[in-house]
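Reader: I have not looked at this one before. Can you walk me through it?

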Amino acid sequence: MKAKMTVNKTFKIDKVDPRIYGSFVEHLGRCVYTGIYEPGHPTADAQGFRGDVKALVKELNVPFIRYPGGNFVSGYNWEDGIGPKESRPKRLDLAWKTVESNEVGIHEFMEWVNSVGAECNMAVNLGTRGIDEARNILEYCNHKGGSYWSDLRRQNGSEEPFNIKTWCLGNEMDGPWQMGHKTAAEYGRLAQETAKIMKMYDNTIELVVCGSSNNTMPTYGAWEAEVLDYTYNDVDYLSLHCYYGNQKNDLPSYLAKSLEMDEFIKSVAAICDYVKAKKRIKKTMYLSFDEWNVWYHSHTADSKSEPWQQAPPILEDVYNFEDALLVGCLLITLLKNCDRVKIACMAQLVNVIAPIMTQPGGEAWRQTIFWPYAHAANHGLGTVLTPIVECPTYEADGRQVPFIESLAIHNEDKNEMVVFAVNRSLDTALDFGVEFQGYTLGSVIEYKEMSGHDIKKTNTQQDGSVKPKDATATIDGASVKTKLAPLSWNMIRVALK
Ligand code: AHR
């Protein structure tokens, strides 16, 4: 089989916003406690943050981290996490039926997020709380001093403001499971007034309003339109969430889930544009796909988890090779839509549906999905070129699915071209050529490929063998040529002259 991708210097989608490679840390399971934070761990720093986890987060090059939830934020009192640790209250978290010690709060998290070189995307509680809490936390975090909340922050040890630029207006407020769940009209008005007040303090902050929890919600579509009817002028991004799984154990169908993601993004963008047209507004609404990943492996185990434990091992999906291939397809899909998707957060970062796993007191290791994420976040920067892909297709779930998912990014800063490609074929290698029109190619800098693993193979603390290896590609005039192994993730970096 043969496949060809053509890109042309003048046909550009957009420049990638690095925040498309964001992640998510929620006070859920072992993401914070025994994930990023474990005082007494052999690699812990003076604040109790694990050095081995920090090193892996830096290796991923995560630029942007959403915090502190998720469903958790809809019942969270942020004031519980400030002041001396010994006097912080233990609270029941009703979202995950656990006990929250509040040992990590805003100060600790901000110190950690800065230390890994990422920016914080803070969510406010619009479930059990509202406008008053939102203006107070904003003042606490961002005001220099000379007011009640900013002086309290200084007393609590952070002289300088945190200067958090991007804020989420609640989480999944359309979901009946959410504490303080609201109708679109109830949420729309609350989000509008909260946004107004937050921007009265600082109109340079950016706000993300909640879209649907996923595209199967009964209110999906109508929710977006109504919420934006209230908030379009006051917010900057609309959120999308979606998790994927291979419950049917049908690999061709599973690997086609990225087409669903593509349709979801395009439909939500269309709803935004409908509201824009109706309101005769010039501003374009951008999208924040601030929860995406594979999530299904842990469902059965979690249904048996005992309630009211502290940091229990819940949502601990152990990812296999086929999950890494789908994550590769999902990353390419986000990039293909980078003219609308400016923020995206893989959910989550450590232990909880995450690329990084830890053993309490022991090792930290890379799950299979770590690799495509690391390749994209480290090298997928620059301008995405419109990919014209000619290749055979197969039928799955009523769609024609191309065997290859691919695109090319021109990294102007490094003067290189980066190609990402997944071969979805179960058994056939594809002769793959990429023609770069309008560029002069130098040599291949690096070609990393993940292939040849059993599709159900996972990485463990002892065995991290589902990982990339070197592969070869040749330059032939304006083209790069290679053979894409069946079921493979590929990253090819080519120097430009
Ligand atoms: O990421 C796990 C959970 O999934 C989040 O708390 C919630 O927002 C979503 O339903």
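This is a predicted model: local features need pLDDT of at least 70, side-chain atom pairs count only at pLDDT 80 or more; totals for chains, interfaces and linings use all residues.

Reader: How many helices and strands are in the chain?

Author: The chain has 11 helices and 27 strands. Its radius of gyration is 22 Å, close to the 23 Å that the globule rule gives for 497 residues, so the chain is as compact as a globular protein of that length.

Reader: What does the C-alpha trace span along its principal axes?

Author: About 65 × 60 × 45 Å. The chain exposes about 18300 Å², and 51% of that comes from carbon and sulfur atoms. Buried residues account for 60% of the 497 residues.

Reader: Which strands form the closed barrel?

Author: The barrel has 8 strands, in the order 3-4-7-8-9-10-11-13, and the pairing is parallel. From one strand to the next, the twist averages 30 degrees.

Reader: How many bridges join strand 8 to strand 9?

Author: There are 4 bridges between strand 8, residues 166–169, and strand 9, residues 206–209. One example is Thr 166, whose bridge partner in strand 9 is Glu 206.

Reader: And which strands does helix 8 lie across?

Author: Helix 8, residues 257–279, lies across strand 10 (237–244), strand 11 (286–294) and strand 13 (341–347). Helix 8 runs at about 160 degrees to strand 10.

Reader: Change of topic. Which residues have the most contacts inside the largest nonpolar core?

Author: Trp 112, Trp 167, Leu 169 and Phe 289, in a core of 164 residues. Helix 10, residues 321–336, gives the largest share of this core, with 11 residues.

Reader: What is Trp 112 in contact with?

Author: Leaving aside neighbours within four places in sequence, Trp 112 is in contact with Val 25, Ile 36, Phe 49, Lys 54, Val 57, Ile 65 and Leu 349.

Reader: You mentioned a glycine. Where is Gly 35?

Author: Gly 35 is in the loop between strand 3 (22–24) and helix 1 (51–60).

Reader: Is Gly 35 buried or exposed?

Author: Buried: the relative accessible area of Gly 35 is 0%, and the cut-off for buried is under 20%.

Reader: What does Gly 35 touch?

Author: Not counting residues up to four places away in sequence, Gly 35 touches Arg 30, Arg 50, Val 53, Val 350, Asn 351 and Thr 358. The C-alpha atoms of Gly 35 and Met 357 are separated by 7.6 Å, although these residues are 322 apart along the chain.

Reader: What share of contacts in the chain join residues at least 24 apart?

Author: Among contacts between residues at least 6 apart in sequence, 76% do.

How values were computed:
Residues are numbered from 1 along each chain as its sequence is written. Side-chain values use heavy atoms; hydrogens and water are left out. Two strands pair if DSSP finds at least two bridges between them. Helices (H or I, at least four residues) and strands (E, at least two) are DSSP runs, numbered from the N terminus. Axes are lines fitted to C-alpha atoms, for helices over the stretch in contact, and angles run from 0 to 180 degrees between N-to-C directions. Contact means heavy atoms within 4.5 Å. The radius of gyration is taken over C-alpha atoms; the globule rule is 2.2 Å times the number of residues to the power 0.38. Buried means under 20% relative accessible area, exposed over 50%, partly exposed in between (1.4 Å probe, protein chains only). Accessible areas come from the Shrake-Rupley method with a 1.4 Å probe; for residues, only the protein chains shown count as cover. A nonpolar core is a set of buried Ala, Val, Leu, Ile, Met, Phe, Trp, Tyr and Cys residues joined through side-chain atoms within 4.5 Å.
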